[in-house]
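Student: Could you help me learn to read a protein structure, one feature at a time?

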Amino acid sequence: MQDNQLPDTGFRLTEEPIEILSSDLSPGLIRSHPQTGGIVTFEGRVRNHHQGRAVLRLSYSAYELLAGNEGQDIAREAKERFGLDWAWIIHRTGDLSVGEMAVWISAASPHRQEAFAACRFMIDEVKHRLPVWKHEYYEDGSHEWVYCAHHT
Amino acid sequence: MNNTVTLRYFAQLAEQRGCHTEQVELHPGQRAEELYRQLQQRYRFSLDQEILRPAVNGVYTTWDQELQAGDEIAFIPPVAGG
């Protein structure tokens with residue numbers, strides 16, 4: 001991506017490994033924000049267990065129209081609330097195996113405290129608001145929809 | 001059929017309905033909660049209104065929102081992102 005096309009807040013859904021997008025994004029954000037002193041990045045990854053059951057893989061589906069609006073709103077809210085240099089969120093969709101990245105969140109500010117707080121704020125909001133659903137497949141052959149969060 | 005809306009189904013609702021989208025006709029002045037109650041009876045959805053959130057045209061809304069012809073409506077099951 002060209003630096004001059006990068007907005008300070010953003011949200012993307014991607015069916016490809018998140019690393020492709022996030023590693024493309026980071027250098028441009030850093031170059032265009034020389035005032036940044038702290039970047040906090042959160043990576044949510046697929047773990048191999050859920051409530052005592054062995055997880056083999058999972059599948060994420062999303063409502064793209066609503067997710068696009070909510071994801072962008074979360075990033076914008078974080079930037080305003082914590083005075084960030086940038087706030088970015090990428091969420092994966094489709095089939096993922098254990099160890100793969102499900103979500104990537106990046107918060108940057110002149111000083112580290114705001115970036116830590118903003119990163120936590122964004123992942124908490126994602127878990128409550130972003131219309132993404134997880135279907136888990138277990139070692140015993142069963143599979144089911146997982147509720148991570150009820151709407152508040 | 002000039003009073004139709006598009007329904008989008010996700011997760012458990014898509015599974016129970018057996019499709020991801022359909023067109024339905026509105027009654028005049030119908031609100032989101034009335035539409036869901038009607039659909040829940042028709043398709044025997046297991047999810048009660050209390051654990052869903054309505055969305056119209058890609059934005060979360062309230063259950064008392066009056067629906068308009070051409071709207072895209074979704075009843076959002078508990079989410080599980082991250």
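Tutor: Strands (E, at least two residues) and helices (H or I, at least four) are DSSP runs, numbered from the N terminus. Two strands pair if DSSP finds at least two bridges between them. Here, Ala55(B) stands opposite Tyr60(B) in β4(B). This is a predicted model, where local features need pLDDT of at least 70 and side-chain atom pairs count only at pLDDT 80 or more, while totals for chains, interfaces and linings use all residues. Residues are numbered from 1 along each chain as its sequence is written, chains are lettered from A and ligands numbered from 1 in the order in which they are written, and side-chain values use heavy atoms, leaving out hydrogens and water.

Student: How many bridges join β3 of chain B to β4(B)?
Tutor: There are 2 bridges between β3 (residues 53-56) and β4(B), and these strands run antiparallel. They belong to an open sheet of 5 strands in chain B, ordered β2-β1-β5-β3-β4 with mixed pairing. Its edge strands, β2 (21-25) and β4 (59-60) of chain B, each pair on one side only.

Student: What is the strand order in the open sheet of chain A?
Tutor: The order is β1-β5-β7-β2, 4 strands with mixed pairing. At the edges stand β1 (9-14) and β2 of chain A; each has a single partner strand, so one side of each lacks a neighbour in the sheet. In the parallel sense, β1(A) pairs with β5 (residues 86-92) of chain A over 6 bridges.

Student: Which strands does helix α2 of chain A touch?
Tutor: Contact means heavy atoms within 4.5 Å. For directions, axes are lines fitted to C-alpha atoms, for helices over the stretch in contact, and angles run from 0 to 180 degrees between N-to-C directions. Helix α2 (residues 64-82) of chain A packs on the sheet, touching β1 and β5 of chain A, and its direction makes about 150° with that of β1(A). Helix α3 (residues 112-129) of chain A also packs on the sheet, touching β2, β5 and β7 (101-109) of chain A. In chain B, helix α2 (residues 32-43) lies across β1 (4-8), β2, β3 and β5 (72-76), running at about 70° to β5(B).

Student: How many residues does each chain bring to the contact?
Tutor: Chain A brings 28 residues and chain B brings 23. Buried area is the accessible area (1.4 Å probe) that two parts lose on being put together, summed over both. Between chain B and chain A, about 2,200 Å² is buried, with 60% from carbon and sulfur atoms. Val79(B), Ala80(B) and Gly82(B) supply 30% of the area that chain B buries against chain A, more than any other three residues.
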